[in-house]
Amino acid sequence: MSETEAETLFERIIGGEIPADVVYQDDATFAFRDIRPQARVHVLVVPRKRYRNLGELAAGDPELLARVVLAARKVAELEGVLGSGYRVVFNTDEDAGQTVFHVHAHVLGGEPLGLFGAPEED
Ligand code: 5GP
């Protein structure tokens with residue numbers, strides 16, 4: 001997928017052009033299940049306004065970043081994992097595996113999560 005295509009993917013999902021399993025939405029954010037779940041609960045929280053990554057969102061609109069974090073907590077509540085715990089991940093650029101350049105939080109949980117940060121095996 002080219003970066004240009006990747007940049008428009010979540011906007012097309014938010015616009016309803018590409019179907020998604022929507023978990024939560026409000027005036028600032030849109031949350032839907034990841035198509036390739038990495039845990040029993042794996043939901044993406046996307047700000048409606050596009051920033052490329054977490055740093056650009058924080059610098060450009062810190063209030064919107066807070067709205068994304070609050071939406072992630074709301075998703076955890078709706079998915080029943082607020083008590084058991086959940087992880088919020090923002091990937092930035094190549095080594096982190098970012099493929100869609102419209103900032104998004106991965107909300108993961110529903111089971112004990114493994115360690116992370118190790119390089120992929122060949
Ligand atoms: P990233 O790798 O950029 O941090 O996360 C992008 C995520 O978007 C991946 O986990 C990937 O599985 C998910 N994804 C890619 N295309 C689609 C799609 O068409 N629908 C949904 N629901 N998720 C997608």
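Val100 brings a backbone N or O atom to 3.0 Å from an oxygen atom of the ligand, a polar contact in the sense of a pair of N or O atoms within 3.5 Å. Asp34 and His106 reach the ligand through their side chains. A polar side-chain atom of Asp34 lies 2.5 Å from a ligand oxygen atom, and an N or O atom in the side chain of His106 is 2.8 Å from an oxygen atom of the ligand. Taken alone, the ligand exposes 520 Å², and the protein buries 87% of that (areas by the Shrake-Rupley method with a 1.4 Å probe).

Please keep in mind that this is a predicted model, in which local features need pLDDT of at least 70 and side-chain atom pairs count only at pLDDT 80 or more, while totals for chains, interfaces and linings use all residues. Residues are numbered from 1 along each chain as its sequence is written, and side-chain values use heavy atoms, with hydrogens and water left out.

Let's step back to the shell around the ligand. It holds 16 residues, and the closest are Asp34, Asn91, Gly97, Thr99 and His106 (a residue counts if one of its heavy atoms lies within 4 Å). By class, seven are nonpolar, six polar and three charged. Helix α1 (3-14) gives the largest share, three residues, and β2 (29-33) supplies at least two (helices are DSSP runs of H or I with at least four residues, strands runs of E with at least two).

Now for the space itself: the ligand takes up the largest pocket, meaning that more than half of its atoms lie within 2 Å of the pocket's grid points. This pocket has a volume of about 1,200 Å³. Its lining counts 37 residues, with Asp34, Gln38, His42, Asn91 and His106 nearest the centre. A pocket here is an open set of points on a 1 Å grid where a 1.4 Å probe fits, with protein on both sides within 12 Å along at least five of seven lines; lining residues have an atom within 4 Å of a point. Of the lining residues, 20 are nonpolar, ten polar and seven charged.

Definitions and conventions: A polar contact is a pair of N or O atoms within 3.5 Å; within protein, one must be able to donate a hydrogen and the other to accept it, and residues adjacent in sequence count only if both atoms are side-chain atoms. Ala, Val, Leu, Ile, Met, Phe, Trp, Tyr, Cys and Pro count as nonpolar, Asp, Glu, Lys and Arg as charged, and the others, Gly among them, as polar. Grid points are joined across faces, edges and corners, and a volume is the space filled by probe spheres set on the points.
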